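Grab a pencil and work through these exercises with the structure open beside you.

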Amino acid sequence: MITSKYSAILVFSTGHAIRLEHVLNQQKIETKLIPVPRYLSSTCGNCVRIKTTDTEAASKIIEKNRIEIQGIKELQEY
Amino acid sequence: MIYFDNAATSWPKPPETTKAMTHFLENIGANPGRSGHRLSVEASRVVYAARESVAALFNVTDPMQVVFGSNITEALNLALLGLLRLGDHVITSSMEHNSMMRPLRALEARGIKLTVIPCTPEGSLNPISLEAAIGPDTKMIALNHASNVVGTLLPIAEAGAIARKHNLLLLVDTAQTGGAYPVDMQDLQIDLLGFTGHKSLYGPMGTGGLVIGERVDISKMEPLKRGGTGSHSEHEHQPNFLPDMFESGTPNAVGLAGLTTGIEWVLREGVKAIRAHEQVLTQAMIEGLRNIPGAIIYGSLDAMRQTATISFNLSGMAPSEVGLRLDEEYQIMCRVGLHCSPAAHKTMATYPGGTVRFGLGAFNTLSEVNFALNAIHQLAKEKK
């Protein structure tokens with residue numbers, strides 16, 4: 001059950017976030033780079049926000065492009 | 001004014017390079033990868049675009065394999081010092097620039113075994129002698145793609161095949177070929193590719209890096225430096241993933257903005273078209289020099305087998321005198337001496353005097369080549 005409109009893809013660095021955004025945008029998945037919310041991670045970097053309904057499609061693209069991510073978490077806000 | 005010192009640094013640059021750097025300084029300016037605000041994110045995009053352009057030029061599978069540094073010297077140091085350990089054996093050629101040779105000699109002093117394969121006086125390397133040098137402890141073959149002194153191309157494709165056959169890593173210094181000669185990391189089976197931005201990639205100084213291929217075990221590779229990366233900030237230990245593992249400290253984002261446009265210019269013009277143009281100029285220069293009495297030309301004398309870098313001497317004149325007179329009397333900028341490559345000059349039997357070097361580039365023309373040939377002819381005649 002989807003509870004939140006947006007989810008965050010957590011990555012290892014902003015550089016990885018930019019790469020991920022680039023690859024997802026190529027496949028017409030809307031993204032926005034946002035600072036990682038504190039409740040998700042203590043890192044000071046950015047994560048890639050997507051619509052929660054795009055999570056499955058995004059996961060497939062991530063796997064296909066062999067992009068390492070830390071995880072996908074639903075956002076409480078934004 | 002005629003600029004023939006492109007083998008050291010290319011000049012001029014495409015106008016887009018200057019514009020991109022000015023745009024970055026005026027409109028972006030923030031620290032890439034550190035903060036979450038829009039300017040920092042935009043700066044990160046600029047750095048990422050540079051990774052994409054390097055990956056496109058060298059046919060790299062994943063842009064994150066592109067590690068940026070200040071130049072190719074840093075890149076070669078990272079590859080050599082990062083991977084070679086006590087007891088390992090490494091093979092190189094006698095045509096290397098000091099950016100390769102000095103870290104190798106330093107490693108040799110620490111107990112790493114080094115074999116320097118002698119090249120011919122023209123600067124050619126026989127792949128058979130390369131394979132014959134391989135022993136049980138050999139870990140790496142480290143070669144330039146083309147000599148910075150005389151332009152001679154080394155057999156990198158053959159070296160790549162030999163490295164794979166014997167399960168070795170192949171490190172290639174593409175300072176003289178990247179952007180001016182086709183370099184396909186996959187086709188040539190290169191594992192570690194050093195590149196520099198300020199020569200035939202038509203970017204600014206202070207840009208360059210190392211592309212780290214999939215066969216390299218980065219868990220066994222030591223960074224040259226450690227520090228802030230903007231990632232894993234909660235940890236006091238260096239990240240263990242590419243490219244952050246080897247990219248500590250604020251990068252030269254303004255330089256990388258220029259590098260991207262330089263590479264985009266190269267890709268638009270086409271490496272093959274640039275190569276064809278430079279080959280015509282090179283052959284014309286070689287033929288012209290051959291017709292000048294007293295001119296001694298080094299290398300293969302065949303533009304097909306070299307880059308657009310030509311070394312020569314005038315009998316009875318020191319290279320420094322030729323260089324000074326070309327500059328002062330004809331406004332021709334070139335480089336004289338040993339070109340940071342004593343090994344190459346020993347191979348060519350031009351040590352310690354050195355040579356006069358013309359490094360031609362994509363912006364040079366046939367009329368400039370002819371003007372320079374007339375100037376040299378004049379100097380040779382006066383010497384008689």
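**Exercise 1.** Work out whether helix α7 of chain B, in this predicted model, spans the length expected at 1.5 Å a residue.

*Solution.* Start by finding the helix: α7(B) covers residues 253-269, which makes 17 residues. Next, go from its first C-alpha to its last, and you get 24 Å. The expected value is 24 Å too, so the helix is close to it.

**Exercise 2.** Decide whether α7(B) is mostly covered or mostly open, then look at what comes just after the helix.

*Solution.* Use the cut-off that a buried residue has 20 or more other C-beta atoms within 10 Å of its own. By that test, 13 of the 17 residues in α7(B) are buried, so you'd call the helix mostly covered. Now step past its end: B:Gly270 has a positive phi of about 95 degrees.

**Exercise 3.** Find which strands stand at the edges of the open sheet in chain B.

*Solution.* First write down the order of the 4 strands: β9-β10-β13-β12, with antiparallel pairing. Then check the ends: β9 (295-297) and β12 (335-337) each have a single partner strand, so one side of each has no neighbour in the sheet. On average, neighbouring strands here are turned by 30 degrees against each other, direction ignored. Finally, zoom in on β12(B): 3 bridges join it to β13 (residues 355-359), and the two run antiparallel. B:Arg335 has B:Arg357 in β13(B) as its bridge partner.

**Exercise 4.** Describe the fold pattern of chain A and judge how compact the chain is.

Terms used
Residues numbered from 1 in each chain as written. Chains lettered and ligands numbered in written order. Predicted model: local features only at pLDDT ≥ 70, side-chain atom pairs only at ≥ 80, totals over all residues. Rg over C-alpha atoms; globule rule 2.2 N^0.38 Å. Buried ≥ 20, exposed ≤ 12 C-beta atoms within 10 Å, placed from the backbone. Pairing = 2+ DSSP bridges. Axes fitted to C-alpha atoms, helices over the stretch in contact; angles between N-to-C directions.
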